[in-house]
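Subject: A structure to look at

Hi,

Here is the structure I promised to pass on to you. Please open it next to this email and follow along as you read.

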Amino acid sequence: MLHLRTKDKSLAGKIVGRFVKSKAEKNKQALLESKYLSALTKPVAVTAITASAYAATTLVDAPKTQKFLKRAALSAALAGGANAILKRLIGKKRPRAIRGPDFKGPTLKDKFNAMPSGHAAAMAAVAGSIPKSSGPLVLASAAGYAATALIGKSRTDRDAHYKSDVMVGSCLGFAAAYLVSKVSSPAPPYKK
């Protein structure tokens with residue numbers, strides 16, 4: 001006799017369990033695979049959002065917020081540009097690509113543009129731009145890192161990237177944020 005209870009550990013129960021998901025699991029998966037989440041976290045979109053927020057803050061007196069948003073926009077733009085160049089030079093195959101070598105070298109084909117992840121690079125660039133001080137900014141930094149991890153998870157769940165692609169993209173984003181923070185910080189006074 002075939003038992004179809006979801007808690008049943010029989011073969012039939014395992015098969016049914018794979019296809020029957022709870023509403024909460026479906027909603028969580030839908031968020032991670034959302035085309036809107038993917039569109040909003042592309043490097044160009046992240047740069048446009050942070051640059052627009054920077055432009056809006058120029059209307060009010062918020063110098064710390066302006067400084068953060070300016071660095072975030074510059075970091076996201078730098079990470080996006082470096083990412084676009086590296087993707088074409090590396091030429092690593094995406095997980096969803098069926099045919100072809102793992103690495104093709106310099107190419108413009110989308111199925112060979114997996115490494116690094118541009119979404120992870122852009123999010124990490126913004127997260128890395130958040131000032132690391134006490135109070136609510138520590139929570140903002142933690143939220144930025146959590147958002148970067150969520151985007152990385154969504155990119156691997158959609159078979160757009162391997163975990164290594166997401167890690168390299170995140171490192172690229174944090175490096176861009178670090179470089180922008182060093183370039184935009186005032187130099188210490190010269191002492192004789």
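Predicted model: local features only at pLDDT ≥ 70, side-chain atom pairs only at ≥ 80, totals over all residues.

About 220 Å³ of space lies in the second largest pocket. A pocket here is found on a 1 Å grid over the protein atoms alone: it is an open set of points where a 1.4 Å probe fits, with protein on both sides within 12 Å along at least five of seven lines, whereas a cavity is a set of points from which the probe cannot get out. Lining residues have an atom within 4 Å of a point. Grid points are joined across faces, edges and corners, and the volume is the space filled by probe spheres set on the points. The lining of this second pocket has 13 residues, and those nearest its centre are Arg 71, Gly 128, Ser 129, Ile 130 and Pro 131. The elements that give two or more residues to this lining are α5, α6 and α8 (163–184). By type, the lining of the second largest pocket holds six nonpolar, three polar and four charged residues.

Residues are numbered from 1 along each chain as its sequence is written, and side-chain values use heavy atoms, with hydrogens and water left out.

Now the largest pocket, which holds about 280 Å³ of space. It is lined by 17 residues, and Lys 87, Arg 94, Asp 110, His 119 and Arg 155 are the closest to its centre. Which of the elements gives the most to the lining of the largest pocket? That is α5, with five residues. The lining of the largest pocket divides into three nonpolar, seven polar and seven charged residues.

Next, the overall fold. The protein has eight helices and zero strands; helices (H or I, at least four residues) and strands (E, at least two) are DSSP runs, numbered from the N terminus. Buried residues make up 37% of the 192 residues, where buried means under 20% relative accessible area, exposed over 50% and partly exposed in between (1.4 Å probe, protein chains only).

The expected span of a helix is 1.5 Å times one less than its number of residues. The buried residues of α5 include Arg 71, Ala 72, Ala 73 and Lys 87. What covers the buried residues of α5 includes α4, α6 and α8. Just after α5, Gly 91 takes a positive phi of about 65°.

How many of the 12 residues of α6 are buried? The number is 11, so α6 is largely enclosed by the rest of the structure. Among these buried residues are His 119, Val 126 and Ser 129. At the start of α6, a side-chain oxygen of Ser 117 comes within 3.2 Å of the backbone nitrogen of Ala 120.

In α8, which has 22 residues, the first and last C-alpha atoms are 32 Å apart, close to the 32 Å expected. Its buried residues include Gly 169, Leu 172 and Ala 176.

Thr 50 lies in helix α4 (residues 43–57) and is buried, with a relative accessible area of 9%. The side chain of Thr 50 reaches the backbone oxygen of Val 46 at 2.9 Å and the backbone oxygen of Thr 47 at 3.1 Å. Leaving out residues up to four places away in sequence, Thr 50 touches Leu 69, Ala 72, Ala 73 and Val 126; contact means heavy atoms within 4.5 Å. Ala 73 sits in α5 and counts as buried at 10% relative accessibility. With the sequence limit of four places applied again, Ala 73 touches Thr 47, Thr 50 and Ala 51. The C-alpha atoms of Ala 73 and Val 46 are 7.7 Å apart, although 27 residues separate them along the chain.

Enjoy exploring!

Definitions and conventions
Polar contact = N/O pair within 3.5 Å; in protein donor to acceptor, adjacent residues only side chain to side chain. Nonpolar A, V, L, I, M, F, W, Y, C, P; charged D, E, K, R; others polar.
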